[in-house]
Amino acid sequence: MPYRFEDLKKNCQTEWRAYIEHSFVQQLGDASLAPEAFQHYLKQDYLFLIQFARAFALAAYKSPTLSDLRQAKEGLQAIMDVELDLHISYCKEWGISEEELANLPEARATLAYTRYVLDTGNRGDLLDLHVALSPCMVGYGEIANWLNSRRETVRGKNNPYDAWIAMYESDEFQDAMRAEILWLDERLADVSPSRFDQLNRIFSDATRLEIDFWEMGLKQSD
Ligand SMILES: Cc1ncc(C[n+]2csc(CCO)c2C)c(N)n1
């Protein structure tokens with residue numbers, strides 16, 4: 001049986017559910033999340049996105065074909081033109097300037113996750129890098145869909161975090177998520193069991209680092 005992206009998820013189901021259904025996510029959905037926790041998360045995510053933009057640039061460098069190169073460029077563009085813009089405007093609402101954002105120290109969870117992905121991409125090939133990026137690429141789209149499926153989720157002006165959900169449920173992000181799964185399904189179909197084990201380790205590590213990122217937000221840890 002050829003491997004698929006779904007198999008990566010299946011092999012670390014407990015961690016994957018703990019990431020998608022984390023209490024940070026639940027509280028963000030039902031509008032009970034402390035604004036300080038969201039602000040801490042958002043500031044760290046700004047720093048995270050700068051490092052992830054570098055990871056997409058690394059994906060471009062490691063791309064053997066024009067279509068791979070285009071996919072890396074689209075990831076980089078989505079970070080620069082969509083995600084970071086929302087972060088900057090949310091922060092502006094709370095009186096946090098771009099200058100302050102640029103000078104923030106990175107929390108340990110931010111350092112660990114971003115440098116793990118960059119190191120995995122540097123050491124490995126484009127498939128290693130894509131697998132390391134996939135919990136981020138697929139997870140946030142899945143989180144938006146999971147939130148929309150819950151009765152507890154509050155949408156509209158009664159939820160201060162509505163714009164966050166709206167961004168990840170948008171066609172742009174949902175299309176990027178599907179494109180990533182398709183890309184991975186094509187590559188995973190050809191890998192050996194031992195190669196798949198290596199990739200599974202990367203996927204599980206990156207998923208655990210996503211959980212730590214939510215924990216960092218909730219506890220406002222540095
Ligand atoms: C900790 C953390 N994990 C995932 C994302 C979501 N995300 C980051 S880059 C990217 C693809 C291109 O925009 C997506 C979906 C985030 N913002 N913060």
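User: Which residues surround the ligand, and which are the closest?
Analyst: There are 14 residues around the ligand, and the closest are Ala 78, Ile 79, Cys 136, Tyr 140 and Phe 213. A residue is near a molecule if its C-beta atom, placed from the backbone, lies within 6 Å of it. α4 (35-61), α5 (66-93), α8 (126-148) and α11 (193-219) are the elements that give two or more residues to this shell; helices are DSSP runs of H or I, at least four residues, numbered from the N terminus.

User: What should I know about the model and numbering?
Analyst: The model is predicted: local features need pLDDT of at least 70, side-chain atom pairs count only at pLDDT 80 or more, and totals for chains, interfaces and linings use all residues. Residues are numbered from 1 along each chain as its sequence is written.

User: OK, the core now. Which residues touch the most other members of the largest nonpolar one?
Analyst: Ala 132, Leu 133, Ile 143 and Phe 203, out of 52 residues. Such a core is a set of buried Ala, Val, Leu, Ile, Met, Phe, Trp, Tyr and Cys residues joined through C-beta atoms within 7 Å; buried means 20 or more other C-beta atoms within 10 Å of a residue's own. The largest share, 12 residues, comes from α8.

User: And what covers the buried residues of α4?
Analyst: The cover includes α3 (23-29), α5, α6 (98-102), α7 (108-123), α8 and α11, with contact meaning C-beta atoms, placed from the backbone, within 7 Å. Among the buried residues of α4 are Phe 38, Phe 48, Phe 52 and Ala 55.

User: Which residues does Leu 133 touch?
Analyst: Ala 55 and Val 117, leaving out residues up to four places away in sequence.

Note on methods: Buried ≥ 20, exposed ≤ 12 C-beta atoms within 10 Å, placed from the backbone. Contact = placed C-beta atoms within 7 Å.
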